Amino acid sequence: MTMGRVAAIGERARVAGLALAGAAVLVAEDAEAVRRVWRGLPDGIDLVILTPAAAEALESHPAAPGGNRPLTAVMPS
């Protein structure tokens, strides 16, 4: 079994440290940037860690490109 790729989306101050754990860090400082990054999510991402603000921005955009639905987790506030 192979481990899937992990991405983190949100404000730089909240997601930058996840790069040390091997996550693809996708910085998005506002709602429009979050939606743009989500639409361009790289192939092969199985888990997306979202900041609370990023999760709020994606409330009405649950499916990733191509209809994929990676597992998502929201950081605590």
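This is a predicted model: local features need pLDDT of at least 70, side-chain atom pairs count only at pLDDT 80 or more; totals for chains, interfaces and linings use all residues.
Helices (H or I, at least four residues) and strands (E, at least two) are DSSP runs, numbered from the N terminus.

Four strands make up an open sheet, and going across it you meet β2-β1-β3-β4, with parallel pairing. The edges belong to β2 (24-27) and β4 (71-74); each has a single partner strand, so one side of each is left without a neighbour in the sheet. On average, neighbouring strands are turned by 20° against each other, direction ignored.

Look at how β1 (residues 5-10) sits beside β2: the two run parallel and are joined by four bridges. Across that pairing, G10 stands opposite V27 in β2. Packed on the sheet is helix α2 (residues 31-39), which touches β1, β2, β3 (45-50) and β4. The direction of α2 makes about 160° with that of β1.

**Zooming in on L18**

Where does L18 sit? You'll find L18 in the loop between α1 (12-15) and β2.

| Item | Value |
|---|---|
| L18 to V6, C-alpha to C-alpha | 9.5 Å |

In sequence, L18 and V6 are twelve residues apart. As for who touches L18, leave aside its neighbours within four places in sequence and the contacts are A8, A23, V25, I49 and M75.

Terms used:
Residues are numbered from 1 along each chain as its sequence is written. Side-chain values use heavy atoms; hydrogens and water are left out. Two strands pair if DSSP finds at least two bridges between them. Axes are lines fitted to C-alpha atoms, for helices over the stretch in contact, and angles run from 0 to 180 degrees between N-to-C directions. Contact means heavy atoms within 4.5 Å.
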